[in-house]
Amino acid sequence: MKMKAAIAVLVFTLKVLMMLTTMSSSISGSNVPIAALYLLGDSSVDCGDNTLFYPIFHYNLSLHPCNGSDSSLIPHFLAKKMGVPFTPPFLIQNGTLQGLLNGLNFGSAQATIMNIAASNHPLQSLNQQLRQLFETFQLLELQLSPETAHAFIRSSVFYLSFGKDDYTNLFLRNSSGVRLKYDGQAFAHVLVNQMVRVVRNLYAANARKIVCMGILPLGCAPRILWERDNATAVGDCVEEINLQVLEYNTMLEERIVELNSELFEAQIIFCDVYQGIMQIIDDPTTYGIKLLTTPDLFLCFFLF
């Protein structure tokens, strides 16, 4: 199978994002170019460069290359389409003004929306990444003027991709104590409320162009199927898990619609990667993918 061709199919779920490159300013009516792309998220935006020791294992063991010269994650395709520089990891930035203006990737593999105080999760949560982003805003205000920094922030895109590792902790045995605290609907409410809080905080810090990614169909993921021993699998997917993910996606999309109406000049987009992936899983031959089971196919898009 042609890996890059298969992965490139995911870009169709981001077509709505392309409007950002020529989005009209609601104040002046003129086209405003995108200044930079800032990424916050989990392994869907980061291959481990922002996680201590993770890159050593990734580069030696991963079958899925991910770096600036051989990019394979959705934000890499998006940056190329938008015509903005490749977004470097936060931990390898050089601290120069130009480095900050080029955008930064605060993402960390296995990052979660919720703060998980466990020894097996020494990773950057959503709140930690948000703190790093706001520190970057302060540096921009110091090195530019506050007015110039605010204008730059307003014309930049902020891409949030979280949630899969929170649900992994909920679904997988012995992963964390999350399952003992929440049922599916309550868990979705907690996560969505956290995401809405972050969007509001970004808006208060002058961010106006925000992308919120939905969660992939985790019920089709190899690790989930292996853990569940296919006991509840329907059509090579665990329907119960996919329904819970859908509940989160639907709830987040509805809240984003409300935020767009409530927040002046806000341009917040929900990207439904769930439906895009399910189209490929349900009809792989249309996308040039043959003779693969659902777990094998899912590996092309999502390794965890």
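Start by selecting Leu126, Asn127, Leu130, Leu133 and Phe134 in α5, which meet Gln194, Met195, Arg197, Val198, Asn201 and Leu202 in α9, where contact means heavy atoms within 4.5 Å. The model is predicted, so that local features need pLDDT of at least 70 and side-chain atom pairs count only at pLDDT 80 or more, while totals for chains, interfaces and linings use all residues. Residues are numbered from 1 along each chain as its sequence is written, and side-chain values use heavy atoms, with hydrogens and water left out.

Next, select arginine 208, in the loop between α9 and β3 (209-213). Arginine 208 is buried, with a relative accessible area of 10%, buried being under 20% with a 1.4 Å probe and protein chains only. A polar atom of its side chain lies 2.8 Å from the backbone oxygen of tyrosine 203. Beyond its neighbours within four places in sequence, arginine 208 is in contact with Arg154, Tyr203, Phe264, Glu265, Ala266 and Gln267.

Finally, select helix α7 (residues 164-171) and helix α11 (residues 239-262), whose axes are 12 Å apart and which pack at an angle of about 140°. Here Tyr167, Leu170 and Phe171 of α7 make the contact with Ile241, Gln244, Val245 and Tyr248 of α11.

Methods: Axes fitted to C-alpha atoms, helices over the stretch in contact; angles between N-to-C directions. Helix = DSSP H or I, 4+ residues; strand = E, 2+ residues; numbered from the N terminus. Buried < 20%, exposed > 50% of the residue type's maximum accessible area, 1.4 Å probe, protein only. Polar contact = N/O pair within 3.5 Å; in protein donor to acceptor, adjacent residues only side chain to side chain.
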